[in-house]
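Take a look at the model below. Keep it in view as you read.

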Amino acid sequence: MTLKEKQDRILVLFEHLTSLTKHQLPEDQRDPRLHDLGHLHRGELFSCFHKEHLEEATHLYETLYKAKNFDDFIHLCEEARQIVNEGMFVYAASVAVLHRDDCKGLAVPPIQEIFPDRFIPAETITQAMKDDHHRKEHEDLVVDIEETGNILNPEQRLAYFREDIEVNAHHWHWHLVFPATWRPEVMGKVKDRKGELFYYMHQQMCARYDCDRMSVGLQRMIPFQNFEETLEGYSAHLTSLVSGLHYASRPEGLHIRDLNDVSLQEMERWRERILEGINLGHVHDDHGKEVELDEEHGIDILGALIESSHESKNEEYYGSLHNWGHVMLARVHDHDGRFHENPGVMSDTSTSLRDPIFYRYHRFIDNMFQEYKASLHHYTKTELTFPEISISHVTIKAKVPNIIHTFMATDELELSHGIHLDGSTKVKYHHLNHEAFSYEIQVENHSDTVKHGTFRVFLAPKYDELGNRLILNEQRRLFIELDKFHHGIHKGHNTIVRNSTESSVTVSKIHTFNELKAGVGVDEKNTEYCSCGWPQHMLVPRGNEKGMDFQLFVMVTDWEGDHVNGEPSLICADAVSYCGARDHKYPDKKPMGFPFDRPIDARTPSQFATPNMSFTDIRIQFSH
Ligand code: CUO
């Protein structure tokens, strides 16, 4: 079978899932491997944060992963599609496609086309359906996306960030590449530093969000802190087509309540136990043995414990703080389920970034990681220095040097693969974008030999909301990674140029359903890492009309000491910073986020900087 034929068989599985009926394949007609499935009913909203949902989904993805060969795999998928919950099917079948060896080269279609109702406001989808009824023969339709609020709610200014289709798709995809329940012993592949990546990728999303908040004139978020606090209101404007119900809104002033599955007290207990572990420097595994939170593994152990994942050292004792938090926040409006309401967007990885509480909640989680980082020694000058290497100058090359222009762009999303419509129907939507630019880095090598450097590029606002210069230790929480790359440095003077499109945090291209149908992007080099990554159009914050002041930080460290097992494979290694690398360990030995992952005593860049670093003032200017 050719790759293209395989891809076609995969695509059919993911088409028109919003129109499946409740009817299930009876038990006696099923493949015996699929007997214990179908617990979560069709039409309910699947949540990969909910313990029971996740258990069933794990059972399914492991079964699909173990299918004997490609035909057997497709056969199991076709049956599973007739049995299990729609969202669960997509989650489990995607995890299997992304990881099976005989699916290398194949792609899962974008989640925004499988379930457009998770991305596009209900008003717009309804309009598209109405237009579909009046479609003239062979007419292609385009509908404009609706706004989900107005500026009476100041948070609406961030809608472009929270509702960005590809940002949400990135988050969904990241959780497919790093499922909480990943069992290396069953799947045969180790996800290196998965707990640490959970911490880092989410820390970065929060930092990015704050940079954009400051860009639009809002203050940085106030972290969620106390389980009893009253919450801001939120309305998603999404209606689930599999259930017919809205993703629940959250009226202003509600707070978290006990659910049938988990109580507030348990959450508080778990938090205390985790913090105690952090303060004592060790946690207890499920045999009561002390596991030290050492410099090398501590953050990874904590990431697994707090999420929690299969790698959690002791779920019985430390619970599942982060995951249940998502579920509790998604159910504040109907905590005991008496109204049979849908949960809100927080219960799903493809929708949760829409809600302002997502960031505040993840900052609360991040604060626990920061508490741990604060217990480690601060980096010494020796740890920061790269002897004999210095950076003399860095410039952003764009239309105007050291100014990056941002603007709103338009794009279209095809609905007709996710929703049964009579022909092509696209939604026209807007997203932030920026001009392409490059970094020009002047580096001196004062030694007599060629050196190899890891270049680390970060960006953060220079001033706080009131226009005061941010002290470095505060600014470090805002530094977003723009790129990290390896480059040789020969003797003497070097000019190194790197394009913004080469970024190690962004994904290069996600192929649409139609492109995959036409065989575009079907390539044997495709792996799960190919579609993981932050969208390129969101690489830099929006900035403001005047031109907002940022500092570009570039640091070069000794690659000989950083790198792991040689270079990562060049196949789909374009978002390694947030997604890791295929068949390899995470390709940088330094802690993720280095050197901003630990508190900094120095107040200013000049007190902090060693010769192998540079801070450059740049501006980001937004035009409408
Ligand atoms: Cu990705 Cu909480 O884990 O959103």
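In this predicted model, the C-alpha centres of domain 2 and domain 3 lie 25 Å apart. These two domains touch. Domain 2 brings 41 residues to the contact, and domain 3 brings 53 residues.

Where do the domains sit along the protein chain? Domain 1 covers 3-106. Domain 2 covers 155-374. Domain 3 covers 381-623.

Now turn to the secondary structure. The protein chain holds 21 helices and 14 strands. Its radius of gyration is 24 Å. The globule rule gives 25 Å for 624 residues, and the two values are close, so the protein chain is as compact as a globular protein of that length. Along the principal axes, the C-alpha atoms fill a box of roughly 75 × 65 × 55 Å.

What share of the residues is buried? The figure is 61% of the 624 residues in the protein chain, counting a residue as buried when its relative accessible area is under 20%.

Contacts also tell us how the protein chain folds back on itself. Take the contacts between residues at least 6 apart in sequence. Of these, 80% join residues at least 24 apart.

The accessible surface of the protein chain is about 24,600 Å². Carbon and sulfur atoms account for 49% of that surface.

Last, consider charge. The protein chain carries 66 positive and 100 negative charges. How far apart are their mean positions? The mean position of the positive charges and that of the negative charges are 3 Å apart.

Methods
Residues numbered from 1 in each chain as written. Predicted model: local features only at pLDDT ≥ 70, side-chain atom pairs only at ≥ 80, totals over all residues. Heavy atoms only, no water. Helix = DSSP H or I, 4+ residues; strand = E, 2+ residues; numbered from the N terminus. Rg over C-alpha atoms; globule rule 2.2 N^0.38 Å. Buried < 20%, exposed > 50% of the residue type's maximum accessible area, 1.4 Å probe, protein only. Contact = heavy atoms within 4.5 Å. Areas by Shrake-Rupley, 256 points an atom, 1.4 Å probe, with all protein chains shown as cover. Lys, Arg positive; Asp, Glu negative; His and termini not counted. Charge placed at Lys NZ, Arg CZ, Asp CG, Glu CD. Domains from an automatic or database assignment.
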